[in-house]
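Subject: Structure handover

Hello,

Here is the structure I said I would pass on. Please have it open while you read the notes below.

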Amino acid sequence: MKQLVLVFIGGGFGSVLRFVLSKALNNTETGIPLGTFLVNILGSLLIGCILGLVAKNEMLTYNHSLLLATGFCGGFTTFSTFAYENHVFLKSGDFISFAIYTIASFVLGFLAVFLGIYIIKNII
């Protein structure tokens, strides 16, 4: 039960922060989902750092990783919104934005995870 509460609390904070950043950064006039893009990349970097800390001398406990990685990062990042925004690009015929957004999200997301792990393991 404690683990469910940790995920619940982390997810709540992550979701609220994502909502605030998306509202502030998504441009409704141009349709560019900068807020979603940034939260997904930042969330990827953060989960890399968190899991790097878990792996490095067990600096974080399993419960910490549930709160931060599963809960917070899970609530902060959003694949469903990313998928919907791509649907909007495709529906409007904006194939260039679709391709750029999709490729940049995947490539930078993966690189951000690897960078987070690298920073924790090699720099901190």
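The notes below cover the cysteines, a surface patch and one threonine.

Please keep in mind that this is a predicted model.

Cysteines. A disulfide is a covalent bond between the sulfur atoms of two cysteines. How many disulfides does the structure hold? It holds zero. The cut-off for such a pair is 2.5 Å between the sulfur atoms. The cysteine sulfur closest to that of Cys49 belongs to Cys73 and is 9.2 Å away, so the distance is too far for a bond. Cys73 is likewise in no disulfide. Cys49 is buried, because its relative accessible area of 17% falls under the 20% limit. Cys73 is also buried, at 3%.

Surface patch. A nonpolar patch on the surface is formed by Phe79, Ile103, Phe106, Val107, Leu108, Phe110, Leu111 and Phe114. Together these residues have about 840 Å² of accessible area. Helix H5 (residues 95-123) supplies the largest share, seven residues. Phe79 lies in helix H4 (residues 79-91). Phe79 counts as exposed, because its relative accessibility is 56% and the limit for exposed is over 50%.

Thr78. Leaving aside residues up to four places away in sequence, Thr78 touches Arg18, Thr36 and Asn40.

Regards

Terms used:
Residues numbered from 1 in each chain as written. Predicted model: local features only at pLDDT ≥ 70, side-chain atom pairs only at ≥ 80, totals over all residues. Heavy atoms only, no water. Buried < 20%, exposed > 50% of the residue type's maximum accessible area, 1.4 Å probe, protein only. Patch = residues over 30% accessible without salt bridge, like charges linked within 9 Å, V, L, I, M, F, W, Y side chains within 5 Å. Areas by Shrake-Rupley, 256 points an atom, 1.4 Å probe, with all protein chains shown as cover. Salt bridge = Lys/Arg side-chain N within 4 Å of Asp/Glu carboxyl O. Helix = DSSP H or I, 4+ residues; strand = E, 2+ residues; numbered from the N terminus. Contact = heavy atoms within 4.5 Å.
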